[in-house]
Amino acid sequence: MKLVGKLVAVFRAAAGLTQAQLADAVRIQVETVASIEQGRRALLPDLARRMDELLETKGALATAVENMPEVDLVPAWAEQYMDLERTALALSWYDNQVLPGLLQTEAYARAVFRNRVPVFSEDKIAVRTASRLERQEILHRLEPPTISFVVWEPVVMLRLVDDAAHAEQLRHLRACALLPGVSLQILPLSHRTHAGLDGPFILLETPDYQQVAYSETQRGSMLVSDPDEISILSQKYAMLRAQALSPEATLGLLDRLLGDR
């Protein structure tokens, strides 16, 4: 990663571009360019091809990325995913542990971070919560991305917050489900088939129509662009949508849960 980053820096300088100018030309954040050049963030294949074309480097960066060790092709920084999320054309999101971050209320998000072990300080909880809420602006853009959520029913029933805040979270879920471009489906606990037993994941389509997948584990995160892996996760997500309640039935379930209170 450090070698590829140095190549980016050399080719950028040879082309007479600043980091900011390169970032603007390839439609990414300037911080992303800086992180790539410092070897702290992996250069993804689609971005390598765009840079090769812009910098006229005859495929050098794409070739370098294609021959990187697998461990360097799977970065461990959620920040890189969030850079992609901000400009995504479409997101397909499956969760079976907590509600998707884009759908969390402030109280729920704060509770998620407060449950972390080892514990976060109150200051860090406040910063992380604010950052999560800021990400939700993509739901309210004039031209928002197309977003599909499939959530396992136990996640909806999980009470990380008090009764009033739980009801607020359910109402918020219902409101989000009615936003333009948003589809919310709950996979019921009673269903006898489940295509997502291996854990949560997100499929993302970039502005240049590349497919990327992101998943988190107990001890890290993984960003994947390998076509074979993307195909497997796409098949899983298609099956999950077929197994889940329809968006209309999901609204009915949320209404019943709110009515039970």
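1. In this predicted model, Tyr214 has a relative accessibility of 5% and therefore counts as buried. Tyr81 is buried as well, with a relative accessible area of 4%.

2. The structure contains five aromatic pairs. One of them joins Tyr81 and Tyr214, whose rings are stacked, with 4.5 Å from centre to centre and 15° between the planes. Tyr81 belongs to helix H7 (residues 78-87) and Tyr214 to strand E5 (residues 211-217), so this pair ties together parts of the chain that are 133 residues apart in sequence.

3. Phe201 and Tyr237 form an aromatic pair of the edge-to-face kind: the centres are 6.2 Å apart and the planes stand at 80°.

4. Ring pairs connect Tyr94, Phe201 and Tyr237 into a cluster.

5. Most residues other than glycine have a negative phi, and most peptide bonds are trans.

6. The peptide bond between Val117 and Pro118 is cis, with omega at about -5°. Pro118 is located in the loop that runs between helix H8 (106-114) and helix H9 (122-135).

7. Arg27 is not a glycine, yet its phi is positive, at about 65°. The residue sits in the loop between helix H2 (19-26) and helix H3 (30-37). With a relative accessible area of 48%, Arg27 is partly exposed, because the exposed class requires a value over 50%.

8. Glu56 likewise has a positive phi, near 55°, and is a residue other than glycine. Its position is in the loop between helix H4 (45-55) and helix H5 (60-66). Glu56 has a relative accessible area of 67% and is therefore exposed.

9. Two matters may be kept in view when the model is inspected. For the backbone, the cis bond joins Val117 and Pro118, while positive phi values occur at Arg27 and at Glu56.

Conventions. Residues are numbered from 1 along each chain as its sequence is written. This is a predicted model: local features need pLDDT of at least 70, side-chain atom pairs count only at pLDDT 80 or more; totals for chains, interfaces and linings use all residues. Side-chain values use heavy atoms; hydrogens and water are left out. Rings of Phe, Tyr and Trp (its six-membered ring) pair if their centres lie within 6.5 Å; planes under 30 degrees apart count as stacked, over 60 as edge-to-face and the rest as tilted. Helices (H or I, at least four residues) and strands (E, at least two) are DSSP runs, numbered from the N terminus. Buried means under 20% relative accessible area, exposed over 50%, partly exposed in between (1.4 Å probe, protein chains only).
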